[in-house]
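Subject: Structure handover

Hi,

Here is the structure I promised to pass on. Have a look at it first, and my notes follow below.

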2 protein chains.
Amino acid sequence: MALIDEIREQPSVARRLLAEWRRSDLEGYAQPILPQRPAFALLAARGTSDNAALYAQYLLAVRNDLVAALATPSTITLYGARPRMNDALVVGISQSGRSPDIVAVLEEAARQGASTVAITNDTSSPLALAASHVIDLMAGPEKATAATKTYTAELLAVTRLSAMIDPLTDAEGAALGRVPDLMESALATEPGAQVLAAHHAERNQAIVLGRGYGYATAREWALKMQELAQLPALAYSAADFEHGPLALAEPGLAVMAVAPSGVELDAQMALLRRLQRDHGARLLVISDDPDARRLDEGLPLPEGVGGWIGPIIEIIPAQLFTYHLTSARGLDPDQPRTITKVTRTV
Amino acid sequence: MALIDEIREQPSVARRLLAEWRRSDLEGYAQPILPQRPAFALLAARGTSDNAALYAQYLLAVRNDLVAALATPSTITLYGARPRMNDALVVGISQSGRSPDIVAVLEEAARQGASTVAITNDTSSPLALAASHVIDLMAGPEKATAATKTYTAELLAVTRLSAMIDPLTDAEGAALGRVPDLMESALATEPGAQVLAAHHAERNQAIVLGRGYGYATAREWALKMQELAQLPALAYSAADFEHGPLALAEPGLAVMAVAPSGVELDAQMALLRRLQRDHGARLLVISDDPDARRLDEGLPLPEGVGGWIGPIIEIIPAQLFTYHLTSARGLDPDQPRTITKVTRTV
């Protein structure tokens, strides 16, 4: 199956996951997965899955009052460290479930008696076997080398994890239930994404900005542009970019931003206006806010996106843009250079 | 004082810190700062200080068996989250001590009764006032816009923090005591760094790699090249780069690497050889290992650097290279574009 088919398959993957979780909730054995509230969460992941972990870092802090750390597996695999995890909820995120260093973190956590969860597309993988609880991505085989449908499935799995600690309110459940339809709306941006991609075919660098929940999307968008379009794209939290890296700003610099309406928008708008007015940057803004899109070029989001649901939807226009950018640069999105599907770092 | 003077001042700042800590240890009131062992550590920082926090993440895991999370201040300042930190050691790192969002994390931690530590160059700053314990960087006024001497002072302060939890062994104390002399040796690389910088004056991108402890150095080197030399430099853990971002590799791509001898070296050497042989990348390797330096171009480290002491020394050749790269690109290292000294994000 080609990459574009997997991008388009995302609403049906989301529908399948939500239906499965509704069924399992009705049977009444989804919650709680934890014998007691953990002192903190530890998330082990690499590459695209690490961006899902970044989303989890925000969601667990905001919804579950849990500090979440992104694991540094090499402290265990290279330096033989045995960091204490027995009071933690330890989560491994890996599409294949076969990254040895992610498995090593889960195995050490299990040895210490921590609660462990695997988020994976392969429930018979070593990661799944190492964990006491598995959230199955049910995304079907991912044939394309670049991960797309498993990324949004991982984000949904993170909401499931959060809901297993603190059940969703009715309003939250309803918001999550709208995700597949919002994904369909986001897929409708493809013609616009194709037109804008052609404008950027000759770029030799790009900056990608996000804030709060949107930072995970900015990171994942930049990673996809690196992997597929061979474009050196630097992702920053808008808060960090305003300081040192702002020195990179110069006339014609491509600045891409994930800027949904919400509490993050005002500060981002001020930064984007400044980049445009004072530095001559060219902006491409993914937003449901018409003013944000009209700053320069924009790709729309369906209304009502933003907040904790935002990342699951916002990445879709970014994937479509990147897909067409890759073609516009004369590259084949289905044959990216040198990516290997399984992260085999030890 | 010009940037180059502050780079050269680093050994004397280190000597001052180590002397102060020896004196305070003799008086017997340095340890312990903590009423009890924390369940985990939380590190709040931005920009250069965030790279010192990354070093702390590795050091606290390896030396103190502590999982350390890098804080996401916007969960508190934007979303009003109150993540539980009462079992944590919460550390704010900021040269100025005046970044409002870092102060906000410490204030919330203190409100919850957590142990709090400020690592700052201003002991009367809001960050210092919010913390129950202060580690003074004693680096003197930092006049240059880009942080150099306060970065290595922050790394040393992180070793102090670690030693306050688990006292240094005699061997560790001796290793730390050699740091100022090792810094002097590293400063002697300046003529070589100037020559190599001229080779890279026309670059329009660079990749910077590190592994384990060296990853913090790779990140800080890339940040300095962005801020000062206006070069879009992408930093990766060598473990992450091998997968998706390897697609960026192409003939002539500049790959810079922090590769001291030690357990990290073999895997890094294999990757660097592959980048050179299969992709035609041009390498610049900072290492004490002659074979690593001779892969292509190299900058030497004094022998015996590496492991947990490594980052305090390795950044110095990288700073010198970046300083001269900035001049070679026709820019003024003392007047970088658009950096503001205090990170004022709320």
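A residue is called buried under 20% relative accessible area, exposed over 50% and partly exposed in between (1.4 Å probe, protein chains only). This is a predicted model, in which local features need pLDDT of at least 70 and side-chain atom pairs count only at pLDDT 80 or more, while totals for chains, interfaces and linings use all residues. Residues are numbered from 1 along each chain as its sequence is written, chains are lettered from A in the order in which they are written, and side-chain values use heavy atoms, without hydrogens and water.

Let me start with chain A. Of its 346 residues, 66% count as buried. The C-alpha trace spans about 55 × 45 × 40 Å along its principal axes.

Now the aromatic rings. Rings of Phe, Tyr and Trp (its six-membered ring) pair if their centres lie within 6.5 Å; planes under 30 degrees apart are stacked, over 60 edge-to-face, and the rest tilted. The whole structure holds 11 such pairs over all chains. One of them is tilted and joins A:Phe40 to B:Phe40, at 4.7 Å centre to centre and 35° between the planes. This pair crosses between chains, from strand S1 of chain A to strand S1 of chain B (strands are DSSP runs of E, at least two residues, and helices of H or I, at least four, numbered from the N terminus). A:Phe40 is buried at 1% relative accessibility, and B:Phe40 is buried at 2%.

B:Tyr58 and B:Tyr213 form another tilted pair, with 6.2 Å between centres and 50° between planes. B:Tyr58 sits in helix H3 of chain B and B:Tyr213 in the loop between strand S6 and helix H11, so the pair ties together parts 155 residues apart in sequence. B:Tyr58 is buried, at 7%, as is B:Tyr213, at 5%.

Best wishes
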